[in-house]
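Welcome, and please take a look at the structure shown here.

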Amino acid sequence: MSSANSNTAADTAADSGSTGNGTVLWSLDSRGVATVTLNRPEVNNAYNGDMIGGLHEAMDLLGAKSNLRVVVLKGNGKHFQAGADLAWINAQGKLGEQANIDASRATGEAVRRLNELPVATVAMIQGGCFGGGTGVAAACDVVVAADNAIFAITEAKWGLMASIIFPQLVQAIGLRQVRRYALTCERMSALDAQRIGFVHEVCPLDELQDRTDRVVDSLLMSAPAATATTKRLNMEIAGAIMSDALFNDLVQRHASTRRGEEAAEGTLAFMEKRHPSWYKSRD
């Protein structure tokens with residue numbers, strides 16, 4: 001997988017005034033608007049341990065800023081986020097039980113923290129938004145997508161299970177839609193994603209930044225404390241604040257599935273560019 005974006009992480013950070021661990025960059029402007037950029041364009045921003053760690057680092061550092069008002073999450077290159085790096089998943093699955101629990105906990109906690117940030121969050125999506133990327137988008141308050149965006153909840157296709165993002169997905173698009181798209185793993189266009197309530201606004205790719213900026217400006221008009229209280233109260237009313245008991249159960253299930261035979265076969269099939277053994281085509 002390749003990208004037309006040839007800048008290195010260091011170059012990108014220098015150009016934008018961003019900082020971060022390389023796989024995740026972040027900056028904060030004078031208005032209190034943070035931009036968090038997923039920065040593995042050479043693999044379509046597929047997440048691995050470094051990216052998960054980078055997201056936690058960004059939230060730790062930005063959360064300490066008293067003037068933080070809005071977080072905009074975006075992907076560097078042609079795609080927003082292509083889900084898990086399956087080579088990393090395959091290698092992770094061969095490690096011991098605790099290592100897999102730790103990886104699932106860190107991944108799930110990154111999405112959970114994003115979901116419950118006491119400031120407004122905006123996902124700015126172009127190109128592919130697959131697997132864990134859909135969970136990240138679902139955890140944001142507002143989703144603005146380019147008309148070239150494609151969405152898919154892909155885990156089951158590779159013998160995996162998206163348990164740690166199911167709460168956010170069910171909250172975003174409802175159980176009926178998750179039951180379809182998490183089982184078929186089919187792709188949906190930006191307009192289809194908007195139709196089922198996953199995306200708030202769709203625009204031409206060359207207008208994506210401008211449309212996002214307009215949303216951010218509207219969010220800045222709302223008072224900071226009122227924003228935090230409104231967001232939290234609505235989530236509490238909807239039952240969208242996950243309990244620790246549920247989170248721990250989802251982490252255990254996620255880690256266990258990654259170590260299973262289906263995950264080993266599914267991720268290997270992806271890397272070998274073939275159908276997994278459980279797929280039988282129509283005669």
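This is a predicted model: local features need pLDDT of at least 70, side-chain atom pairs count only at pLDDT 80 or more; totals for chains, interfaces and linings use all residues.

Let's begin with the open spaces. The largest pocket has a volume of about 800 Å³. It is lined by 38 residues, and those closest to its centre are Ala82, Ala84, Leu86, Trp158 and Phe270. Helix H3 (86-93), strand S6 (128-130), helix H11 (244-258) and helix H12 (261-271) each bring at least two residues to the lining of this largest pocket. H3 has the largest share of that lining, with 3 residues.

The second largest pocket holds about 440 Å³ of space. Its lining is made of 23 residues, of which Asn115, Ala138, Cys140, Asp141 and Met235 are the closest to the centre. Two or more residues of the lining come from each of helix H5 (132-138), helix H6 (166-173) and helix H10 (224-237). H10 gives the most to the lining of the second largest pocket, namely 6 residues.

How do the linings divide by class? In the largest pocket there are 20 nonpolar, 11 polar and 7 charged residues, while the second largest pocket has 13 nonpolar, 8 polar and 2 charged residues.

**Parallel strand pairs**

| Strand | Partner | Bridges |
|---|---|---|
| S3 (residues 33-38) | S4 | 6 bridges |
| S4 | S5 | 5 bridges |
| S5 (residues 120-125) | S7 | 4 bridges |
| S7 | S10 (residues 201-203) | 3 bridges |
| S6 | S8 (residues 150-152) | 3 bridges |

Individual residues let you find these pairs in the viewer. Threonine 35 has valine 72 in S4 as its bridge partner, and valine 71 is opposite threonine 121 in S5. Further along, valine 122 faces valine 142 in S7 as its opposite residue, and alanine 145 stands opposite valine 202 in S10.

S3 and S4 also belong to a right-handed β-α-β unit, together with helix H2 (residues 49-63). Strand S4 (residues 70-75) is mostly covered, with 5 of its 6 residues buried.

Which residues cover the two faces of S7? In a regular strand the side chains alternate between the two faces of the sheet. On one side of S7 are Val142, Val144 and Ala146, on the other Val143 and Ala145, and all of them are buried.

**A mixed open sheet**

Another group of 3 strands forms an open sheet in the order S6-S8-S9, with mixed pairing. S6 and strand S9 (188-189) are at its edges and each has a single partner strand, so one side of each is left without a neighbour in the sheet.

**A residue on helix H9**

Is aspartate 217 buried, exposed or partly exposed? This residue lies in helix H9 (residues 208-220). Aspartate 217 has a relative accessibility of 47%, so it counts as partly exposed, because that class lies between the cut-offs of 20% and 50%. The C-alpha atoms of aspartate 217 and glutamate 261 are separated by 49 Å, and the two residues are 44 residues apart along the chain.

Methods: Residues are numbered from 1 along each chain as its sequence is written. Side-chain values use heavy atoms; hydrogens and water are left out. On a 1 Å grid over the protein atoms alone, a cavity is a set of points where a 1.4 Å probe fits but cannot get out, and a pocket is an open set with protein on both sides within 12 Å along at least five of seven lines; lining residues have an atom within 4 Å of a point. Grid points are joined across faces, edges and corners, and a volume is the space filled by probe spheres set on the points. Ala, Val, Leu, Ile, Met, Phe, Trp, Tyr, Cys and Pro count as nonpolar, Asp, Glu, Lys and Arg as charged, and the others, Gly among them, as polar. Two strands pair if DSSP finds at least two bridges between them. Buried means under 20% relative accessible area, exposed over 50%, partly exposed in between (1.4 Å probe, protein chains only). A crossover is right-handed if, with the strands pointing away from the viewer, the path from the first strand over the helix to the second runs clockwise.
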